[in-house]
Amino acid sequence: MWANKSSFYHIYPLGFCGCTPNNDYTCPPTSSILKVYDWIPHIKSLGCNAVYFGPVFESVAHGYDTKDYFKIDCRLGDNQDFKALVSKLHSCDIKVVLDGVFNHVGRDFFAFEDVKHYKASSQYCSWFKLNFNHNNRYNDGFCYEGWDGCEDLVKLNLTNPEVKEYLLSAVAYWIDEFDIDGLRLDVAHYLTPSFIHELRSMCLSRKSDFWLLGEMVFGNYNRLVNPGMLDSCTNYELYKALYSSCNDGNLHELSHTLNRQFGANGIYRGLNLYSFLDNHDVSRIASVIKNPLRLKPLYGLLYTLPGIASVYYGSEWGATGVRERSDSEVRNSFDAPQTTDLTTHISWWTNFRNNSKILSNGQYQELEVRKELLFFKRYIGDEELYFGVNIGAEPQEICYKNHNISIPAYSIEIINF
C-alpha cells in the first residue's frame with residue numbers, strides 16, 4: 001500500500017486559506033485553495049509525498065457541518081480549482097487524501113432543510129434520528145440526535161439504504177472526477193461497520209489502491225482497522241505517550257505504550273497506524289512541550305517508530321497555538337512557509353524514512369529504556385536499524401554487543417555497529 005511508504009502533510013484548508021468563519025453562500029468562489037500551489041516546493045522539500053486535506057466540501061462554518069457533498073466550499077474556490085490542484089499535486093508525485101464527514105451534516109444540508117420545512121411530512125425524515133414530541137434550541141418543532149449532543153451537527157441514519165447510497169455516490173464522484181487517493185473518515189468510531197464495509201468495497205472497485213484512514217480517538221483500533229474495513233486509524237494513544245513522556249522527562253510511559261502496541265505481543269503489531277504530534281483538534285506541539293529542546297528528538301521518534309507519520313502545517317517550523325477558547329487558535333493562516341533548524345531536522349528524518357523499507361514496514365523491539373533514554377531497533381528479517389533517543393540535558397551512555405555508545409543530549413541518533 002502506497003500510504004505505508006508515505007509521509008503526510010496535513011492542511012486544514014479553511015484555516016490555511018484564511019477563510020471567513022461562516023459561510024453565507026452568497027460570495028462568488030474565491031479560489032483561495034490555489035494558495036497550496038505556492039507551498040508545493042516546501043511540501044516536497046520536507047519529504048512529504050502525501051497531503052491530507054481537512055474538509056473541503058461546502059459547509060455551514062468549520063467544514064465538519066457539511067451542506068453539499070458534491071461541491072467545494074465557495075470560500076475555497078470551485079470544483080475546477082480543486083480538480084486542477086489535485087492534478088498538480090499528482091504531477092509532483094504527491095497523493096491526495098480528503099476528509100470524509102459521514103456521521104453527521106450541517107443544519108443547511110438539503111435533506112435536513114426539507115425536514116425543517118415539512119416536519120413529519122418530509123420524505124427525508126428517515127435520514128435522521130428525529131423526535132417530534134420535543135423541541136430543540138432552534139425551535140424547529142422537533143429534536144434530533146446530534147454528534148455528541150451538538151445540535152449544529154445533525155447525525156445521519158447510516159442504517160438507511162438511501163443515506164448510504166447518497167454518501168457512496170458522493171465518494172464515487174470525488175474518485176471518478178478528481179482522482180483522489182484516499183479518505184480520512186471523521187469520527188470513524190461512530191460509523192456503522194456495514195457502512196464502512198460498503199464504502200471500502202465501492203472505493204476499491206474504482207481505485208484498487210484507494211486508502212481509508214479512520215479517526216479513532218478511543219477504543220480498540222482492531223475493531224475498525226482490519227481486512228475489509230479500514231487500512232489505518234489515528235493513533236491517539238501513541239500521540240499522548242509521546243508528548244507526555246517528554247513533558248514528564250520519563251520515557252517509561254512511551255516504552256509501555258510502544259510495547260503494548262507494537263512489541264512482540266503487541267495488539268497492533270503489523271498495523272501501520274497514523275502517527276502525529278498535533279493536528280487541527282489539539283494544541284500545537286510547540287505549545288505543549290515544556291522544554292523546546294525536546295522537539296527535535298520528539299520529531300525524530302515520530303519518523304522512526306512504527307506508523308505513518310504526519311506533520312501539521314506550520315508545526316514544522318515550531319508554530320504555536322493553544323486550543324482553549326476556539327479552534328481557530330490552531331487552524332492558522334500563514335503568509336508563507338518558513339525554514340528553521342526544526343524544519344531542516346524534520347526534512348532529514350522524513351527523507352530518511354521515505355527511503356527505508358524497514359521504517360515503512362519493519363517490526364519494533366525495545367532494547368533499553370531509562371527515564372531519559374530509549375534504545376530500540378526496527379527490523380525486517382535480518383535487516384536492522386538501531387536508534388537511540390536522549391531527551392535529557394546530559395549525554396547517555398549505552399553498552400550493547402560490546403560497543404560503548406554515547407547519545408548526545410536532546411538528540412536522536414542512528415546507531416551503527
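How much space lies in the second largest pocket? About 240 Å³. The legends below take that pocket and other sites in turn.

This is a predicted model, in which local features need pLDDT of at least 70, side-chain atom pairs count only at pLDDT 80 or more, and totals for chains, interfaces and linings use all residues. Residues are numbered from 1 along each chain as its sequence is written, and side-chain values use heavy atoms, with hydrogens and water left out.

**View 1. The largest pocket has a volume of about 470 Å³.** Of its 28 lining residues, His 62, Tyr 64, Trp 147, Leu 153 and Asp 281 are the closest to the centre. A pocket is an open set of points on a 1 Å grid over the protein atoms alone, with protein on both sides within 12 Å along at least five of seven lines; lining residues have an atom within 4 Å of a point. Points are joined across faces, edges and corners, and a volume is the space filled by probe spheres set on them. Strand β10 (residues 150-155) gives the most to this lining, with three residues. Strands (E, at least two residues) and helices (H or I, at least four) are DSSP runs, numbered from the N terminus. The lining divides into 13 nonpolar, five polar and ten charged residues. Here Ala, Val, Leu, Ile, Met, Phe, Trp, Tyr, Cys and Pro count as nonpolar, Asp, Glu, Lys and Arg as charged, and the others, Gly among them, as polar.

**View 2. The second largest pocket holds about 240 Å³ of space.** Its lining includes Tyr 12, Leu 14, Cys 19, Pro 21 and Ala 61. His 62, Arg 75, Asp 327 and Arg 331 are also among the lining residues. By class, the lining has five nonpolar, four polar and three charged residues.

**View 3. Asp 327 forms a salt bridge with Arg 323.** The closest N and O atoms are 2.6 Å apart. A salt bridge is a side-chain nitrogen of Lys or Arg within 4 Å of a carboxyl oxygen of Asp or Glu. By this rule the count comes to 24 salt bridges. Asp 327 is partly exposed, at 26% relative accessibility. Arg 323 is partly exposed too, at 38%. Buried means under 20% relative accessible area, exposed over 50%, and partly exposed in between (1.4 Å probe, protein chains only).

**View 4. Asp 140 pairs with Arg 107 in a salt bridge.** Their closest N and O atoms are 2.7 Å apart. Asp 140 lies in the loop between β7 (130-131) and β8 (143-144), and Arg 107 in the loop between β6 (104-105) and α4 (110-118), so the pair ties together parts that are 33 residues apart in sequence. Both Asp 140 and Arg 107 are buried.

**View 5. Lys 207 forms a salt bridge with Asp 179.** The closest N and O atoms of this pair are 2.7 Å apart. Lys 207 sits in the loop between α6 (193-206) and β12, and Asp 179 in the loop between α5 and β11 (182-185), so the bridge ties together parts that are 28 residues apart in sequence. Lys 207 is buried, with a relative accessible area of 13%. Asp 179 is partly exposed, with 36%.

**View 6. Salt bridges link Asp 99, Arg 184, Asp 186 and Glu 215 in a network.** A cavity is a set of grid points where a 1.4 Å probe fits but cannot get out.

View 7. Helix α5 (residues 161-178) gives the most, with three residues. The structure holds two cavities of 30 Å³ or more.

**View 8. Phe 375 is found in strand β17 (residues 373-380).** At 1% relative accessibility, Phe 375 is buried. Phe 375 and Ser 255 are 120 residues apart in sequence and 9.9 Å apart in space, C-alpha to C-alpha.
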